[in-house]
Amino acid sequence: MAESQDLNQPDNSSSMIPASEDGANGPRLLFNPPIDIYETPDGLVLYADLPGVDSEGLDLQVQNNRLTLFGRVTSDVAESAQMLHQEYHFGDFLRSFILSDEVDHDRIQAKLTNGVLRVELPRAPRANPRRIEVSGG
Amino acid sequence: MPIFRWGQPWDPFRDLEREVDRLLQGVNLTLHGVRFSRRFPQVNLLELDDSFVLTAEIPGIDVGQLDVTMASGFLTIKGTRLPPDEAREDTFRRQERFHGPWQRKIQLPDRINEDGMRADYRAGVLRVTLPKAPSSAARQIKVNEGP
């Protein structure tokens with residue numbers, strides 16, 4: 001197969017993965033999905049590319065200030081198929097983040113659309129300064 | 001060993017930068033490179049008995065924005081992936097995902113029955129099925145002897 005661009009770029013990773021890698025019992029590859037994080041007036045928004053992951057395969061957890069996203073990829077490629085050209089491999093996605101206390105954990109919301117996860121991390125309302133009464137002795 | 005660092009010195013969510021690094025991250029970088037620095041989208045081409053199947057990882061595209069064409073033995077897929085509307089350039093804390101126009105042009109190894117082609121987009125993966133054209137009978141070419 002010829003490619004009109006990057007014709008000379010070697011594909012040096014395809015030979016390292018056995019073809020049966022996607023089997024149910026075999027080891028599965030794990031990828032670090034690319035993310036965007038930007039700030040809004042309400043907090044932070046995180047986007048992650050999880051191609052091949054649907055809502056059933058997505059596991060998003062917040063535990064002990066750690067946000068962990070795991071996406072399981074389902075492949076429907078027939079076993080008889082022969083790979084002619086391979087640029088990406090089948091595998092699952094995993095990435096985790098430490099959240100600060102300024103993120104309101106209870107209001108975190110997530111949505112998965114077309115293989116892209118969007119997570120809203122709202123800022124916790126700033127606590128009003130509390131006056132501590134000092135009782136005279 | 002953190003791979004990515006925050007740019008801004010002031011960060012109210014400063015603890016978020018302490019991203020948990022996984023053992024596998026280093027393996028990912030050496031084996032597969034940093035994903036965003038590679039071609040977008042990544043494609044695989046498979047051959048089945050009666051068809052070729054091209055799959056491409058293009059998460060976050062509106063189906064209406066996907067352009068798939070077949071001409072002269074080349075399959076071209078193109079589109080544009082836009083950053084979120086409300087995100088301004090100076091509000092990004094981290095930007096690893098690809099944004100912008102993209103195009104891939106792939107030459108197919110055999111003749112295609114163009115009437116039977118179909119494309120599906122699901123969970124951010126484009127899948128183009130290209131049935132092989134029925135192979136024509138081999139034709140003998142007569143070799144003329146020179147004078």
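This is a predicted model: local features need pLDDT of at least 70, side-chain atom pairs count only at pLDDT 80 or more; totals for chains, interfaces and linings use all residues.
Trainee: Great. How many aromatic pairs are there over all chains?
Mentor: The count is six. Take A:Tyr38 and B:Phe92: their planes sit at 65° with the ring centres 5.5 Å apart, so this pair is edge-to-face, the cut-off for that being over 60 degrees.
Trainee: Where do those two sit?
Mentor: This pair crosses between chains, with A:Tyr38 in strand S2 of chain A and B:Phe92 in strand S5 of chain B.
Trainee: And is A:Tyr38 buried or exposed?
Mentor: A:Tyr38 is buried, at 0% relative accessible area. B:Phe92 is buried too, at 9%.
Trainee: Which residues form a cluster with them through ring pairs?
Mentor: A:Tyr47 joins A:Tyr38 and B:Phe92 in that cluster.
Trainee: Switching to chain B, why does the pair B:Phe40 and B:Phe98 count as stacked?
Mentor: Because their planes are at 15°, under the 30 degrees cut-off, and the ring centres are 4.5 Å apart. The two are 58 residues apart in the chain, B:Phe40 in the loop between H1 and S1 and B:Phe98 in the loop between S5 and S6.
Trainee: What about their accessibility?
Mentor: B:Phe40 is buried at 16%, whereas B:Phe98 is partly exposed at 24%.
Trainee: Last one: which lysine lies over the face of B:Phe74?
Mentor: That's B:Lys105, at 5.0 Å from the ring centre. B:Lys132 lies over the face of B:Phe52, also at 5.0 Å from the ring centre.

Methods
Residues are numbered from 1 along each chain as its sequence is written. Chains are lettered from A and ligands numbered from 1 in the order in which they are written. Side-chain values use heavy atoms; hydrogens and water are left out. Rings of Phe, Tyr and Trp (its six-membered ring) pair if their centres lie within 6.5 Å; planes under 30 degrees apart count as stacked, over 60 as edge-to-face and the rest as tilted. Helices (H or I, at least four residues) and strands (E, at least two) are DSSP runs, numbered from the N terminus. Buried means under 20% relative accessible area, exposed over 50%, partly exposed in between (1.4 Å probe, protein chains only). A charge sits over a ring if NZ of Lys or CZ of Arg is within 6 Å of the ring centre and within 35 degrees of the ring normal.
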